[in-house]
Protein chains: 2
Amino acid sequence: MDIEKILAVAKRRGFFYPGAEIHKTIAGFWHYGPIGTTLKKKIENEWRNFFIKEEEFYEIEGTNIMPESVFIASGHIKGFTDPLVQCKNCKSLHRADKLIEEKAGIFVPERTSTKKIDEIIKKKKIKCPDCDGELTNTRFFNMMFKLGVGPTEQAETAYLRPETCQTIFVDFLNVYRAMRAKLPFGIAQIGRSFRNEISPRQTLLRQREFSQAEAEIFFNSDKIDEFPRFEEVKNYKLNLLTLDDKKLKKVTVADAVKKGLIKGKLIAYYLARIQQFINSLGIPLEAIRLREQTDEERPFYAKYAFDCDVKTSLGWIEVVANHYRTDYDLSSHMKASGKDLSVVENGKKIIPHVWEISQGIDRTLFCVMFHCFIEDKKRGWNWFKFPPKIIPFDCAVYPLVLKDNLPKKAKEVYEMLRKKFDVFYDESGSIGKRYARADEIGISFCVTTDYDSLKEEDCTIRDRDTTKQIRIKIQDLTKILKQLMDKEIEFEKAGKPI
Amino acid sequence: MDIEKILAVAKRRGFFYPGAEIHKTIAGFWHYGPIGTTLKKKIENEWRNFFIKEEEFYEIEGTNIMPESVFIASGHIKGFTDPLVQCKNCKSLHRADKLIEEKAGIFVPERTSTKKIDEIIKKKKIKCPDCDGELTNTRFFNMMFKLGVGPTEQAETAYLRPETCQTIFVDFLNVYRAMRAKLPFGIAQIGRSFRNEISPRQTLLRQREFSQAEAEIFFNSDKIDEFPRFEEVKNYKLNLLTLDDKKLKKVTVADAVKKGLIKGKLIAYYLARIQQFINSLGIPLEAIRLREQTDEERPFYAKYAFDCDVKTSLGWIEVVANHYRTDYDLSSHMKASGKDLSVVENGKKIIPHVWEISQGIDRTLFCVMFHCFIEDKKRGWNWFKFPPKIIPFDCAVYPLVLKDNLPKKAKEVYEMLRKKFDVFYDESGSIGKRYARADEIGISFCVTTDYDSLKEEDCTIRDRDTTKQIRIKIQDLTKILKQLMDKEIEFEKAGKPI
């Protein structure tokens, strides 16, 4: 599949495009147009329904700017860095780890020292990829955006958060008290994060500003296997790739726990939920895997970690990071702040452990577009097979031609439908062109008023997936569209086939 | 009304609290807890329904960080400043205009020169409010947060956007083309803005990071009086305070236009919609006014401007700024970028004019909390009378006591209701305490299972506003709660009074 084809549609039809592109732009910032915004909001709302509502997590909303003290406590000031080298000749900057991987095929783990990196560069004779010049020694570059808050003379140092979860940890005590929460409980947030990437690339996949949906599930580490909802997923099959058994295989949640492939029922439950969620967005099961991270890849705070990856023509893309963060965060913030962040359970003080679900919303949207994209030579245009719950518009309404009161009738239908659905109205161009444009943004059903509509008070519905059409009475339209969207009736049985 | 009482509830019950307050914080950043997040999201969704959906605006979502070129074009680099003075003795910093207003009662308009400000300070003998020391000369301080994007050696200058609308102007061409838009049309965005305020204050009212809902309505300036939907609001009465007639008065939209109090039907229509929206959130009409800005207050880009203010015990608070920005923005971005941002209408190229609706979401939430707060000596606790559509939870479910299967029955009811509503479940404390806690976050209806529930398959509903209770069958509960929320039936007639 050619990604460029998707990007062309994305730009032309208002899914997404480079930020502020009429001006001199900076790489790594993308804006969503009207169609992309709706798609993104619907994916976020599905996440909200699937996790926050269904799992009864508490949702919070914090600021993007936070004081330096937060990131001293979290370890980001010290450790949130990328290794950077510069060409002595052409002055271009490069991420040392990526350069070594590309040039010498050696994986450089996150915590490798600059000394070790310099040795590899020397040994493998790695030069500047742009001009073949000699490279400087490696230095660590902190990826957080730094800000001065207040007038210059007395500015206080602050940062844009590099991950939304730090808000959750610093607000933990407020939420725990206000909600009278009992373990296990989750706190979630959907919001922006910011990383000063040295080389942003692949459009939405590596941006400098991006959206995350994160949940931190706080639990008593002694009770990781006491999780009643485990029963609901125990027979669900995971696409699992663990370190113990390096082959991707389908295994039930119950077996994965029994065989020790996943360490704890709580963890297994949430991994299953993640795979179910990604699948529910129109990404087929065979393109999803849960891959255990190696010791070398795993961030320093994680005892245990799984990536949920989606397969695309760019390779496997990590869309959700799942981390067992232990009590690292609460203990660190507790130590730095001097505030007691422990929880009382059965009269005993404990510092909860954390299982984290960290989903990249933009990456998810990208993978959804990739897997829903249908290259269709027969139709002569390409289209998106979005599942109903995330389609930017539920349906479109058109008059067949722009005369003889057909637009008036179409407007009446439009006004009726838009009370219940997200509806798109369009009059311009031939009806064939309008159907093609609807397909291109994934609209499932197009409703058209024609000459018969004026006499019979009916209209046609066209099905995106088959291009077939039926006629139905306008008075039944709302009900039948709802049933079609919920897949309660078959399209061809819903009205009179044309 | 004592604001402190509301703030105490806000903190204790998880509406909002200072950001990262376990650490050393910086003033001007507030986080929303679970209850506040839900309230805020519901206000944003109402705005989305009321404007984006009902007015058929295009919604977009851009990044918070934008390149310097955007803000050179918009005029923010040059003009988005506050006048700053420093005490020569204690080094404290102050906003010169606010200081003059407080100390000498003189209003300092936005475009006053530093020379003029220095003259006033000298003439009125204004000293440091902290130590009575002498003040430095005034200098302008740019209120945008500046960032370096990319590694230090080659960082490109960027800023956090001080208003969401600049995203709309720089994306105008993308949206216009992708949506095949026709004038008049609106582009809207709900998102964050950032201002490096010298003195943040009054909690949510003057923050350094805040949420805006903005719509820019693009129109042909020759057709400002051709606006069909004007008919829908022409008899609606505005609370209007114009420069021509400096008394607040009630006047119909039609009369306001006829008398020239509002210049244009399009403008009058959107002012009416704003007043209707604020009113729909539970803020009484008598506490809302539309006030025309004076020449001195008005930002340099605005030909004409109205604030929509809400009255509180802190005075009138501006919650929505409504600006006639003319073609200032599109022309400026066009000139700076060299891109043609004109629109073709009937074969003629025109640069659209802009009417702007710029609503502060946090301020709106604050004013909603203020006007819905009921100090209730009789009950012994204070509570929020939120209107149904923005209540954090639609209803609560409780077992009367924690024994004899009452919790099991309550859980069944909870699971049934949460498929349709936002439901709160609580078992802890006496039933009286739980009712009080529900009132405190504004929940309209509390459903309780008691001993009769086990025999009769029924339950009680308690009404927040009257504390009265009725009994109804559990099987009718979903239907009746829906009718009560939609005010389709009277509470006391909905079941058997207790």
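Glu232(B) is exposed in this predicted model. Its relative accessible area is 54%, and the cut-off for exposed is over 50%. The side chain of Glu232(B) meets that of Arg229(B) in a salt bridge. The N to O distance there is 3.0 Å.

Salt bridges can also link up into a network. One such network joins Glu54(A), Glu55(A), Glu56(A), Arg229(A), Glu232(A), Arg273(A), Glu415(B) and Arg418(B) through shared partners.

Opposite charges on side chains can pair when the charged atoms come close. Over all chains, the count of salt bridges is 107. Here are three of them.

| Salt bridge | N to O distance |
|---|---|
| Arg229(B) and Glu232(B) | 3.0 Å |
| Asp452(A) and Lys455(A) | 3.6 Å |
| Glu54(B) and Arg418(A) | 3.9 Å |

Take the pair Glu54(B) and Arg418(A), joined by a salt bridge. This pair crosses between chains. Glu54(B) sits in the loop between helix 2 (34-53) and strand 3 (58-59) of chain B. Arg418(A) sits in the loop between helix 14 (406-417) and strand 23 (423-425) of chain A. Is Arg418(A) buried or exposed? Arg418(A) counts as buried, because its relative accessibility is 12% and the buried class lies under 20%. Glu54(B) counts as partly exposed, at 31%.

Now turn to Asp452(A) and Lys455(A), also paired in a salt bridge. Both lie in helix 16 (residues 451-456) of chain A. They are three residues apart, about one turn of the helix. Asp452(A) is partly exposed, with a relative accessible area of 33%. Lys455(A) is exposed, at 65%.

Notes
Residues are numbered from 1 along each chain as its sequence is written. Chains are lettered from A and ligands numbered from 1 in the order in which they are written. This is a predicted model: local features need pLDDT of at least 70, side-chain atom pairs count only at pLDDT 80 or more; totals for chains, interfaces and linings use all residues. Side-chain values use heavy atoms; hydrogens and water are left out. A salt bridge is a side-chain nitrogen of Lys or Arg within 4 Å of a carboxyl oxygen of Asp or Glu. Helices (H or I, at least four residues) and strands (E, at least two) are DSSP runs, numbered from the N terminus. Buried means under 20% relative accessible area, exposed over 50%, partly exposed in between (1.4 Å probe, protein chains only).
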